[in-house]
Amino acid sequence: MTTTLRLHGFCQSGNTFKVAFALRAMGLPHEVVHVDFMRGRTRDPVWRAEVNEMGEVPVLDDGTRRLTQSGVILMHLARKTGRFGGRSDEERDEVLRWLLFDNHKFTSYFATYRFMVAFGPTAPDPAILKFLRARIDGAYGIVDRHLAAQPFLVGDAPTIADFSLCGYLFYPPQESGIDAAAAYPHMGQWLARMREVDGWADPYAVLPGERIERRWAIPDA
Ligand SMILES: N[C@@H](CCC(=O)N[C@@H](CS)C(=O)NCC(=O)O)C(=O)O
């Protein structure tokens, strides 16, 4: 009997999309369980006790295992399928290096900035946005320079590092006011290559939840 993979998340979550894109690219059938983040589901103590003590999505159920943290889930899926994980120890170390950079800087500052201007419950503090914007530009500049010399983050083919870093970059730039593909040309070309990977889809087309308009004005750059 084959086990159903179950991905918990919601459509605005680029971290969920990282895993959804990988599952699709690996050809792994799965169900998506909607977590109503916008109405506080991940802050519910019962949800935290039963699903993820860290209070975050994505969560992946694979048989008796429940995995959290997109990087851990992506590594699990790469091991399970033998695909997209890197072809040597050196490549696998490189993949992990980019996953760590993504989680610390590349995704995290942007996801926080986008949440504050697009979906946050109160008007964002301009000083905090300015700080985050500088951190985003720092991380994006590093990745853009790296991609000037090679087509994907590790080696010459997509890996889970690419699924991870691209997760937030297919959302409409109007949400955040940051058009990474336009401002960082090598990232733009890489994103075009990622769209060609089998299984790519618009996050809003494949993940559940209600689409929401941006709530707050984009600050002057
Ligand atoms: N490093 C985590 C980040 C996950 C994360 O921040 N998920 C968001 C949704 S995209 C979340 O559930 N946040 C809940 C919160 O911060 O309260 C991962 O990659 O899985």
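In which hand does helix 3 pass helix 4? Helix 3 passes helix 4 in a right-handed crossing. The model described here is predicted.

**Helix packing**

- Two packed helices are described by the angle between their axes and by the distance between those axes.
- Helix 3, which covers residues 70–81, packs with helix 4 at an angle of about 155 degrees, and their axes are 10 Å apart.
- Angles over 145 degrees count as roughly antiparallel, and helix 3 and helix 4 are therefore roughly antiparallel to each other.
- Helix 4 also packs with helix 5, which covers residues 126–149. The angle for helix 4 and helix 5 is about 140 degrees, and their axes are 9 Å apart.
- Helix 4 and helix 5 are therefore described as oblique to each other.
- The crossing of helix 4 and helix 5 is left-handed, whereas helix 3 passes helix 4 in a right-handed crossing.

- Is Leu100 buried or exposed? Its relative accessible area is 55%; because the cut-off for an exposed residue is over 50%, Leu100 counts as exposed.

**Salt bridges**

- Side chains of opposite charge can pair when their charged atoms come close.
- How many salt bridges does a search of the whole structure find? The search finds 14 salt bridges; three of them are described below, beginning with the pair of Arg6 and Glu31.
- Arg6 forms a salt bridge with Glu31, and the closest N and O atoms of this pair are 3.3 Å apart. Arg6 lies in strand 1 (residues 5–9) and Glu31 in strand 2 (residues 30–34), so the pair ties together parts that are 25 residues apart in sequence.
- Both partners are partly exposed: Arg6 has a relative accessible area of 31%, and Glu31 has one of 41%.
- Asp44 forms a salt bridge with Arg41, with the closest N and O atoms 2.8 Å apart. Asp44 is partly exposed at a relative accessible area of 24%, and Arg41 is partly exposed at 36%.
- Asp137 forms a salt bridge with Arg133, and here the closest N and O atoms are 3.2 Å apart.
- Where do Asp137 and Arg133 lie? Both are in helix 5, four residues apart, which is about one turn of the helix.
- Asp137 counts as partly exposed at 27% relative accessibility, and Arg133 counts as partly exposed at 23%.
- Salt bridges that share partners also join Arg6, Glu31, Asp61 and Arg66 into one network.

- Most residues other than glycine have a negative phi, and most peptide bonds are trans.
- The peptide bond from Val57 to Pro58 is cis, with omega near 10 degrees. Pro58 is found in the loop between helix 2 (45–50) and strand 3 (59–62).
- Gln69 is not a glycine, yet its phi is positive, near 75 degrees. Gln69 is found in the loop between strand 4 (65–68) and helix 3.
- At 29% relative accessibility, Gln69 counts as partly exposed.
- Phe84 is likewise not a glycine and has a positive phi of about 70 degrees. Phe84 lies in the loop between helix 3 and helix 4.
- Is Phe84 buried or exposed? Its relative accessibility is 15%; because buried means under 20%, Phe84 counts as buried.

**A buried tyrosine in a loop**

- Tyr184 lies in the loop between helix 8 (180–183) and helix 9 (185–195).
- At 14% relative accessibility, Tyr184 counts as buried.
- Tyr184 and Ala149 are 35 residues apart along the chain, and their C-alpha atoms are separated by 14 Å.

Note on methods. Residues numbered from 1 in each chain as written. Predicted model: local features only at pLDDT ≥ 70, side-chain atom pairs only at ≥ 80, totals over all residues. Heavy atoms only, no water. Buried < 20%, exposed > 50% of the residue type's maximum accessible area, 1.4 Å probe, protein only. Axes fitted to C-alpha atoms, helices over the stretch in contact; angles between N-to-C directions. Helix = DSSP H or I, 4+ residues; strand = E, 2+ residues; numbered from the N terminus. Parallel < 35°, antiparallel > 145°, perpendicular 65-115°, else oblique. Left-handed = near helix turned anticlockwise from the far one by under 90°. Salt bridge = Lys/Arg side-chain N within 4 Å of Asp/Glu carboxyl O.
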